[in-house]
Amino acid sequence: MRIRYQLILSHTVLTLLLIVFLAVTASLTQQKIIHKEITAISKLQVENVNHQIDNFLSKAQHTIEVVSSYVENLEQYERDSIEDFLVAQTAGDADCSMLYVSSAVPTCRGGFTFTNIHWTAPSDFDETTRSWYINARNSIGTIVFSNPYVDEQSKGIVVTLSKAFKNKRGEFAGVIGIDLLLDKVVAMVNEVKLTENCKAYMIDSDGKYVTNPDPYKVANDNFYSDTGFSGLNSQIPDNEPYLNLNNGEQYFAARKMSSLCGWKLVAFGPISELYSELTDSLKVIIIISAIALFVAIISSLFLSVGITHPLKHIAIALTKISGGHADLTNRLHFHLKNEIGEISNGFNSFTEQLQKIIGDLIKSQNVLSSAGTNLDSSTQDTSEAIQTILKNISDVNSQIQNQGNDVEETAEAVNQIAASIQSLEKMIAGQAEGVSQASSAVEEMISNIASVNSSIEKMAESFNTLEEDAQNGNKKQEAVNERITQIETQSQLLQEANAAISSIAEQTNLLAMNAAIEAAHAGEAGKGFSVVADEIRKLSETSGSQSRTIGEQLLKIQESIEEVVAASLESSESFTSVSTKIKETDQLVRQIKSAMEEQNEGSKQIITALHAMNDTTTEVKNSSVKMSEGNKQILDEVKKLQASSERINNTISEMDSNAHKINETRTSLTQISGQIKGTINEIGDQINQFTI
C-alpha cells in the first residue's frame, strides 16, 4: 500500500478511534450519573415508605403496650370497663379493624374475649386454637405478626399483631390482639415509582405477597416464583436499601423493614427505561462523529499529497544507488525545512559515509582472506586434540561406573545389616518387655503368696479356736443331755403321782356315793352328812378332771422331752462330726501353708533368674544400639561415597558432553571457516560493483 493511502487510512482510523473513545467515555459517564441518580431516587423512595410503614406499625404496637400495661394491673376482669378502655384506645383510628383482649381465665370455654366493638364470642369460639393466640403465648413479652389475609367482610388486606400478658403473680393471663387494615400500606407501596412501568410489592420473610392488586395472591403466592428474582433474596442487606442492575432486562430494588414484622419492600421494572436519556445522547454522538470523520478524510487527502511528492524523488535516487555498479557520487538537492529535507540531507550524508566504508572494505578484504586461511589450519589441530580428550574421558567414565556399581553393592549389604540390626533391636525390646512383664507377674505372685500365707495362718488360728469351741459345745451338750434325762425321769415320777391322784379321786367319788346312799337311808338326820358327801363328790370330780388335764399336759411334756432328747443326741453327734471335720481341715490348711512356703521359695529363685536375664537383655540391647549407631555411621559414609561417585560421574558426563560440544563446535568452525572464505570472496564481488 502506498504512503498516501496509508496516511489517509491511519488518519481516518485515529479519528474513528478518538470518536469511539469519546462516545464510550460519555456513555459510561452518563451511565454512572444515571446509576447514581436512580440509586438516590430508589433509596429516597424506599426509605420514605419504610419510615411511613414503621410509623404505621409503631402506632399499633404502642396501643398493644398500653393495653397490656392496663390489663396486667387489674385484679379482676369486667367486660364493660375493659371494652370502654379499648374503645378509647381506638377512637379515631380508621386503620384498626378490631382491638381485643382474650383472657385465659377458664370461666367459660375459651375464656373471656373483650373487643372495642362489643362483639360477643359464640359458645363454640375457642381462641386457644387460633394462630395469633398460639404464637403470642409461645413468645411471651414479644409482639408477633400474623400472616396477612383478606378480610371476608371488607375484602381488604388485614394483619394481626398480638402479645401475651401476665397477671400480678407473673402467670400467663391471656393475649392482646389488634387487627390492622393494610390499605395505607398498599397505598404507600403503590407510590414507589422508580420508572414509568415500575412494579412494587410488600412481601413477608417467606416471599409471600403482603400487598398485591390481586387479593387472592396475598399470603398465597410467592413473589420470587412469579418474578424469577429468587437468586437475589440472600443479597438483600438488613439495614440499607438494595439495588441490582445486572439481572438481565430488569432492575431490582429492595429494602428490609426495620420493624418486627420481617417484611420486605421490593420494586422492579425494565432497565431500558432507566437508560432512555443515555440512548438519546448516543444518537447525537453518532451524528457528530460521522461529520467529524468526513472532515478528517478530506483533510488527510490534501495532507498526504504534500508529503508524498518529495518522497517520490527520494525513492528514484535510492533506486539508482541500489542497482548494480551503483554510483556513490550521486547526491540529492532538496532545500526543505521539514522531515523530508532532513531525509534528503541524511541521504547525502549516508552516501558519503558509504563511499568511505566501501573504500575501507576493499582494503580489509585482503586481510580477511589471510585470516581465513590461518583459521582453517588451527581448526584442524583443535580437532585432533579433541578426539584424544574424548577417548580419555570415555576410559575414566567406564572406571567410575564400575566403582559406582561396587559402591551400590556395598550400600545394599550395609542396608541389609541395618535391617537385621533393627529386627534384632525389636526382638531384644520384645524380650526385655516380656522379661519385665514376667518379673512383675512373679513379684505379684510372691506378694499374693505372702497374702495367702497370712490368710492361711489366720485360718489356722480360727480353726484352733473353732475346734476348742466345738469341744466346749460338745461338753455343754452332754451336760444338757444329762439334765434332759433327769427331767424325763422326773416327768415319769409326775405321771405316776398323777395316776395316784386319779386313783384317789375315783375312790373319793366312790366314798361320796356311799356316803350319799347312807345319808338317804338316815332321812332327816342324814341331811347334813348328805351335804358333806355332795361336796366331797364335787371335790372328787374336780380332782379327777384336773388329774386328767395334768395327765394330758404331762403326756405332751413327755413327747416334747423325747423330741428334745432326740435333737440333743443329733446335736451332740453334729458337734462330734464338726470337731472331726475341723481337725481334717486344719491338717489340709497346714499342708497348703507348707506348699505355699515352698512355692514362695521357688518364686524367689525365679525372680532372681529373671533379674539376671533382664540385666543380660539390657547389655545385649545396649550392644545392639551401639552396633546400630556404628552401622548408621558406615551407611552415612557409604552414602557420602555414593554421592561423591555420582558427582564425579555427573562431572565426567558433563565433561564428555562438553567435549562432544567442542567437537561439534570444531566441525562448525570448519564449516564457518569455509563460509568465511566464500563470504570474503562474495564481499569482494559486491564491493567491486560500487563506483567510489
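**Close-up views of a predicted model**

View 1. Leaving aside residues up to four places away in sequence, Met202 is in contact (heavy atoms within 4.5 Å) with Ile53, Val185, Val189, Lys208, Tyr209, Val210, Thr211, Met257, Trp263, Lys264 and Leu265. Residues are numbered from 1 along each chain as its sequence is written, and side-chain values use heavy atoms, with hydrogens and water left out. Because this is a predicted model, local features need pLDDT of at least 70 and side-chain atom pairs count only at pLDDT 80 or more, while totals for chains, interfaces and linings use all residues.

**View 2. The nonpolar cores.** A nonpolar core is a set of buried Ala, Val, Leu, Ile, Met, Phe, Trp, Tyr and Cys residues joined through side-chain atoms within 4.5 Å, where buried means under 20% relative accessible area with a 1.4 Å probe, protein chains only. The largest such core has 50 residues, and those with the most contacts inside it are Leu161, Met202 and Trp263. Helix α1 (residues 3–72) gives this core its largest share, 10 residues. Apart from that core lies another, of 13 residues, which includes Phe229, Phe252, Ala254 and Phe268.

**View 3. The buried face of helix α4.** Helices (H or I, at least four residues) and strands (E, at least two) are DSSP runs, numbered from the N terminus. In helix α4, which spans residues 183–190, the buried residues are Val185, Met188 and Val189. Seen down the axis of α4, these buried residues fall within an arc of 95 degrees (taken from the directions from the helix axis to the C-beta atoms), so they line one face of the helix.

**View 4. Strand β9 and its partners.** Of the 7 residues of strand β9 (residues 250–256), 5 are buried, so the strand is largely enclosed by the rest of the structure. Two strands pair if DSSP finds at least two bridges between them; strand β8 (residues 242–247) runs antiparallel to β9 and is joined to it by 4 bridges, with Tyr242 standing opposite Ala254 in β9. The hairpin of β8 and β9 has 2 residues between the strands, and in it Gly248 takes a positive phi near 75 degrees. Strand β10 (residues 264–270) also pairs with β9 in the antiparallel sense, over 7 bridges, and Leu265 in β10 is the bridge partner of Arg255.

**View 5. The protein as a whole.** The protein holds 8 helices and 10 strands, and buried residues make up 32% of its 692 residues.
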